[in-house]
Amino acid sequence: MLPLLTEQLKQNWTFYFPRHKTPGRINYILMPGSVEGGTATCLGFVNGESTPAFAAKIFRNPDAGEEARAERDILKGIHEHSSEVGRSVPRVILCEKISGRWVLVESILQGAPMMMDMSQDGFPLIEQAIRNMKLAKDWLIEFNRAPAKDKDGTEGRIASLDEKIKLFVARFGPSENEIRFLNRMRDSVSLFARERQETYIQHGDFCRHNILIEDHGKSNRINVIDWSFSRGGLSPFHDLYFFLSTYFLQMRKENGLSGFKNAFRNSFIDTNRYSGLVREIIADYCVKLSIEPAVAPFFFGLFLLEQTLFEYNQLARCRGQGIIPRFNIYLSLIGNRGFGDVDTEILWIHFFKLFIEL
């Protein structure tokens with residue numbers, strides 16, 4: 001497949017890369033990616049240069065045209081909507097089916113991956129967290145400052161929310177207290193959606209691994225890569241909550257399920273300096289986007305519900321390929337449950353229950 005991609009790129013090089021001469025050769029480095037993600041990424045290097053000229057995302061499923069086109073359309077829409085934010089996301093170069101596989105070729109963004117260090121007390125280093133969270137928050141504020149109007153699609157998205165809640169209830173059997181929260185959440189989110197009549201683009205995997213920091217001396221800016229799971233939604237909070245949730249989870253010192261739960265508690269539930277920073281970030285985000293702070297907890301519940309269902313669907317896709325991720329097996333075993341229950345042993349449902357206990 002790569003030889004055919006190379007041939008097509010060379011034949012149309014001046015169109016795809018108008019500022020560069022057609023290369024003599026193109027070499028690739030493969031980055032396989034996760035099984036759950038459904039893609040592999042190749043970095044393309046021209047004429048032996050050390051910096052890649054483009055990234056080619058290859059979809060494993062031959063019928064992934066809808067997914068490829070959806071990512072293409074969202075990235076193109078961002079570039080058309082805002083020149084400032086557009087400079088911080090990849091530019092789509094090519095989106096076609098080549099040799100039986102869909103391929104999405106994108107531009108390379110500059111910057112170094114956002115780093116995170118732990119302090120001796122087992123918490124993220126607070127000074128570094130302040131800088132990283134401010135960069136992420138400010139970018140999201142700019143990104144969501146002028147969302148797309150969606151008067152015609154709002155009721156459809158609210159109906160989709162109802163379906164998500166029904167599926168969540170059917171699959172995970174929430175308690176009476178959790179169901180009461182879900183009903184209040186549904187009412188609050190629906191009212192917000194009808195008042196705003198807006199669609200918010202959600203990156204879907206807005207974490208440190210997909211954020212590149214460009215150093216400009218006294219100031220920094222971020223670029224955001226890997227829009228595989230991007231989509232439109234009702235919530236202006238989804239990516240902010242994903243970033244704040246995963247920031248501690250990805251570097252916790254304590255292993256096992258208890259380690260994940262404690263990192264979550266120390267981020268959102270318990271009182272400490274780090275959780276205080278998290279609350280400050282959420283509060284400032286609400287102010288800058290003119291959002292009533294009272295709705296933030298309901299959108300957090302929606303975020304946890306959507307993440308639970310997202311992981312459920314990803315796991316179902318893996319099961320269809322005869323694969324069960326090891327972590328889900330681990331969650332099932334420590335819960336004294338069998339392999340038949342793996343589908344519902346998802347990390348985010350544990351976070352949802354911890355949150356509702358408040």
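Residues here are called buried under 20% relative accessible area, exposed over 50%, and partly exposed in between, with a 1.4 Å probe and protein chains only as cover. Gly 232, for example, comes out as partly exposed at 27% relative accessibility. This is a predicted model, in which local features need pLDDT of at least 70 and side-chain atom pairs count only at pLDDT 80 or more, while totals for chains, interfaces and linings use all residues. Residues are numbered from 1 along each chain as its sequence is written, and side-chain values use heavy atoms, leaving out hydrogens and water.

**Figure 1. The whole protein, for orientation.**
The C-alpha trace spans about 65 × 50 × 50 Å along the principal axes. Buried residues account for 51% of the 358 residues. Contact means heavy atoms within 4.5 Å; of the contacts between residues at least 6 apart in sequence, 67% join residues at least 24 apart.

**Figure 2. The surface and the charges.**
The protein has an accessible surface of about 17,400 Å², and 52% of that belongs to carbon and sulfur atoms. Areas come from the Shrake-Rupley method with a 1.4 Å probe. How far apart are the mean positions of the positive and negative charges? For the 44 positive and 43 negative charges, the answer is 3 Å. Lys and Arg count as positive, Asp and Glu as negative, and His and the chain ends are not counted. Each charge is placed at NZ of Lys, CZ of Arg, CG of Asp or CD of Glu.

A disulfide is a covalent bond between the sulfur atoms of two cysteines. Here it is assigned to a pair of cysteine sulfur atoms within 2.5 Å, and the count by this rule is 0. Cys 42 is in no disulfide, and its nearest cysteine sulfur, that of Cys 95, is 16 Å away. Cys 42 is buried, with a relative accessible area of 2%. Cys 95 is likewise in no disulfide, and Cys 95 counts as buried at 13% relative accessibility.

Most residues other than glycine have a negative phi. Asn 47 is not a glycine, yet its phi is positive, at about 50°. This residue sits in the loop between strand S2 (39-46) and strand S3 (54-59) and is partly exposed, with a relative accessible area of 40%. Gln 197, also not a glycine, has a positive phi of about 55°. Look for Gln 197 in the loop between helix H7 (176-196) and strand S8 (198-202); it is partly exposed, with a relative accessible area of 23%.

Asp 150 lies in the loop between strand S7 (148-149) and helix H6 (154-172), and is buried at 14% relative accessible area. Not counting residues up to four places away in sequence, Asp 150 touches Arg 157, Gln 197, Glu 198 and Thr 199. Its C-alpha atom is separated by 8.8 Å from that of Arg 196, 46 residues apart along the chain. Gly 232 belongs to strand S11 (residues 231-233). Leaving out residues up to four places away, Gly 232 touches Arg 157, Thr 199, Tyr 200 and Ile 201. Gly 232 and Arg 157 are 75 residues apart in sequence, with 9.3 Å from C-alpha to C-alpha.

Is Ser 119 buried or exposed? Ser 119 is buried, with a relative accessible area of 17%, and has its place in the loop between strand S6 (112-113) and helix H5 (126-144). Apart from neighbours within four places in sequence, Ser 119 is in contact with Pro 124, Leu 125 and Lys 253. Ser 245 is found in helix H8 (residues 238-249) and is buried, at 2% relative accessible area. Beyond residues up to four places away in sequence, Ser 245 touches Phe 268, Phe 300, Phe 303 and Trp 348.

Conventions. Helix = DSSP H or I, 4+ residues; strand = E, 2+ residues; numbered from the N terminus.
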